[in-house]
Amino acid sequence: LKRGGWSAMASKDGSKVTTQGYHAYRKAAGELTGAKPPQGIEATMALTSPNDLKVAFEMLDVNKEGVLGKKQARDFLRCAGWCVPDDELDAMLVGRASSGVKAGTAERTKWNQKMLMDLLEENKNRENTSVASVQQALRRLASNRAKISRERIVEFISQDHDLSEADIDQVLGAIGMGGAKLLDCDQLAAKLLDRVCNPPSVLEMHELGS
């Protein structure tokens, strides 16, 4: 999961706003600008207002250059809720970039915040992944079994140097499956994608990491 709790919502008196109230506010204000929720998940994509995504962009722009490279641009799209494979994200980025690149010139390698926000707007009706496709992927990883071991997940994820075993433990904790050694593929897929739509708050992430 690339999405994090970018901000903790609080009311004027300092108390936390309920998740339901927060989503209702975002929907009413028409501020949701992220990906469509995964098919099979009945939820809105939280933390995808222009301000939320501005914070995400600034966090990814570690060198404060005002632009992101391809990997960071992918991460930005994931912060906006996109759960599709990297090659699909690259196609979105290249498709956007090629429209502003003259024939014979090199492919764009940097994207500023406006470019990425425009890309989100252009793809707002594009289908995201689905619960069924993630369930199928987990079952394949589990050799067509209904359950997958935590060790198999760690083994697979270790191929991605951006994620560690501690990250996996944090993700499983965030979806209420921490400590489990054997995980139901269908349940895991549904819980993961629901959490993508409703990422942990900063406080929750702190508690999970402590």
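This is a predicted model: local features need pLDDT of at least 70, side-chain atom pairs count only at pLDDT 80 or more; totals for chains, interfaces and linings use all residues.

I began with Lys54 and Glu58, whose side chains meet in a salt bridge at 2.6 Å, N to O.

I stayed in helix α2, which spans residues 50–60, to check Asp52. Is Asp52 buried or exposed? Its relative accessible area is 3%, under the 20% cut-off, so I logged Asp52 as buried. I found a polar contact from its side chain to the side chain of Ser49 at 2.9 Å. I also noted Ala80, which lies 28 residues from Asp52 in sequence, with 9.0 Å between the C-alpha atoms.

Then I searched the whole structure and got twelve salt bridges. One of them joins Glu127 and Lys36, with 2.9 Å between the closest N and O atoms. Glu127 is in the loop between α5 and α6, and Lys36 is in the loop between α1 and α2, so this pair ties together parts 91 residues apart in sequence. I have Glu127 down as partly exposed at 42% and Lys36 as partly exposed at 26%.

I also picked out Lys124 with Glu121, a salt bridge at 2.8 Å between the closest N and O atoms. Lys124 is partly exposed at 41%, and Glu121 is partly exposed at 46%.

My last entry is a network of salt bridges that links Arg74, Arg78, Asp86 and Asp90.

How values were computed: Residues are numbered from 1 along each chain as its sequence is written. Side-chain values use heavy atoms; hydrogens and water are left out. Helices (H or I, at least four residues) and strands (E, at least two) are DSSP runs, numbered from the N terminus. Buried means under 20% relative accessible area, exposed over 50%, partly exposed in between (1.4 Å probe, protein chains only). A polar contact is a pair of N or O atoms within 3.5 Å; within protein, one must be able to donate a hydrogen and the other to accept it, and residues adjacent in sequence count only if both atoms are side-chain atoms. A salt bridge is a side-chain nitrogen of Lys or Arg within 4 Å of a carboxyl oxygen of Asp or Glu.
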